[in-house]
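Subject: Structure handover

Dear colleague,

Please find below the structure that I promised to pass on to you, together with its sequence. After it I have set out what was found, element by element, with the cut-offs given where each term first comes up.

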Amino acid sequence: MSSLDFEALKTEFIQKLSQLTKEADVLNLKADYLGKSGIITELLKKMKDLSPEDRKTVGPKANELKDIVNLEVQKKIDLLEVEAINQKLAENRIDISYTENLKVNSNSHGGYHPRTLVQQEIEDIFLSMGFDVLDGPHIENEFTNFEALNIPGDHPARDMQDTFWFHDEKSPVGKKHLLRTHTSTIQVRGMLSRKPPFKFIAPGVVFRCERTDASHEMVFTQLEGMMVDENISVSHLIYFMKTILKEIFKRDVEVRLRPGFFPFVEPGFELDIRCLICEGKGCSVCKHIGWVELLPCGMVHPNVLKAGGIDPEKYNGFAFGLGLDRLVMMKYGIDDIRHLQSADLRFNTQFKTY
Ligand code: PHE
């Protein structure tokens, strides 16, 4: 076989390849040349019948052609892939200059999330009573989330709040980072940044590493409140709590106070409200007891005041941590806390208010 024949073979192959548009056809063509009984394979098989002279010229030529086929086939497959991607991109392209695409249904417009609605309402009520509204970071240190709140490292109360920790083992004690487990962190920040007398609320999301169910979420919202002055008593606390609940529900709600333990308050209470979903008959939200834990509260512990730079001999105060999501559920009759975080439009669009 002469060099010319090889050139012809190569030209024929390139020409055939250029006409193909499917990967499967390309692979078939490859088999025609390099398969078990492919043209080049056959050629190589016949090498043994050639004279040593011819073998010297034909061998390298056949191998060269084999390499060319392999290379060209790979190049063609890559090209077909790129073309397929480009075609997909072209098909999915949205021409934003084309006004048809800009037309929106004039009846569909956004609204507030029910949580935002309730939060705004509560903020307004507290603002009208002279409270400030504070904010704070989600990533906190151990000092602000625990130690300043009278929960030292070995305190069993840390187990009450399953915590998402950051891996910064080298941090010194009190400086380790975590996702705040409660908005009580803002009590600390609030105390350190002002002088008494003061009163403020602090709404925000908090994080707990716990199993979710109809009444528990890993990410949920609380609304913290704190009032510090001279001669504050439990009756101030009860007055503010009753007023706020009455304003929110626009009716008298049945409440009960139970003793509750939180290291940062003394005495501490749990304020429950009669379940408004089932009217106290028992449902998944109230865990079939007819009451919903809504508002842990109490008189600020002297150690907490001290950590906040406040003289506990002169001042005292109350604090509460309202479970905002639970309140939203009670107000709107939502029977599963997970709906709030679901971003499901069928849920969200029920609360439009303008
Ligand atoms: N921070 C407490 C919690 O999340 C709630 C609380 C706040 C209790 C203020 C008492 C006073 O569990």
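In helix α8, the residues T185, I186, Q187, V188, G190 and M191 are buried, where buried means under 20% relative accessible area, exposed means over 50% and partly exposed lies in between, with a 1.4 Å probe and protein chains only. The element names follow DSSP runs numbered from the N terminus, with helices as H or I runs of at least four residues and strands as E runs of at least two.

Before going further, please keep in mind that this is a predicted model, in which local features need pLDDT of at least 70 and side-chain atom pairs count only at pLDDT 80 or more, while totals for chains, interfaces and linings use all residues. Residues are numbered from 1 along each chain as its sequence is written, and side-chain values use heavy atoms, with hydrogens and water left out.

The sheet

An open sheet is formed by 7 strands in the order β1-β4-β5-β9-β8-β7-β6, with mixed pairing; two strands count as paired if DSSP finds at least two bridges between them. The edges are taken by β1 (132–133) and β6 (255–259), each of which has a single partner strand, so one side of each is left without a neighbour in the sheet. Helix α6 (residues 114–128) packs on this sheet, touching β1, β4 (198–207), β5 (219–229) and β9, and its direction makes about 165° with that of β4; for such values, axes are lines fitted to C-alpha atoms, for helices over the stretch in contact, and angles run from 0 to 180 degrees between N-to-C directions.

Going through the pairs in turn, β1 and β4 run parallel and are joined by 2 bridges, with F200 in β4 as the bridge partner of D132. Between β4 and β5, which run antiparallel, there are 10 bridges, and V205 has T221 in β5 as its bridge partner. Strand β4 is mostly covered, as 8 of its 10 residues are buried.

Strands β5 and β9 pair in the antiparallel sense over 8 bridges, and M227 stands opposite F318 in β9. F318 is also the bridge partner of M299, while C297 has F320 in β9 as its bridge partner. The pairing of β8 (residues 291–300) with β9 (residues 316–323) is antiparallel and extends over 3 bridges. Of the 8 residues of β9, 7 are buried, so this strand is largely enclosed by the rest of the structure.

Helices α9 and α11

Helix α9 (residues 234–249) lies across β5, β6, β7 (265–274), β8 and β9, and runs at about 25° to β7. It also packs with helix α11 (residues 324–332) at an angle of about 45°, their axes being 10 Å apart. The two helices are therefore oblique to each other, on a scale where angles under 35 degrees count as roughly parallel, over 145 as roughly antiparallel, 65 to 115 as roughly perpendicular and the rest as oblique. L245, I248 and F249 of α9 meet L327, M330 and K331 of α11 in this contact. Within α11, the buried residues are L324, D325, L327, V328, M329 and M330, and the helix is followed by G333, whose phi is positive, near 65°.

Helices α2 and α4

Helix α2 (residues 23–34) packs with helix α4 (residues 52–91) at an angle of about 175°, with the axes 10 Å apart, which makes α2 roughly antiparallel to α4. Among the residues making the contact are V26, L27 and Y33 of α2 and V69, V73 and I77 of α4.

Cysteines

How many disulfides does a search of the whole structure find? The search finds 0, a disulfide being a pair of cysteine sulfur atoms within 2.5 Å. The sulfur of C275 has its closest cysteine sulfur in C278, at 3.6 Å, which is too far for a bond. C275 is buried at a relative accessible area of 0%, and C278 is buried at 10%.

With best wishes

Methods
Contact means heavy atoms within 4.5 Å.
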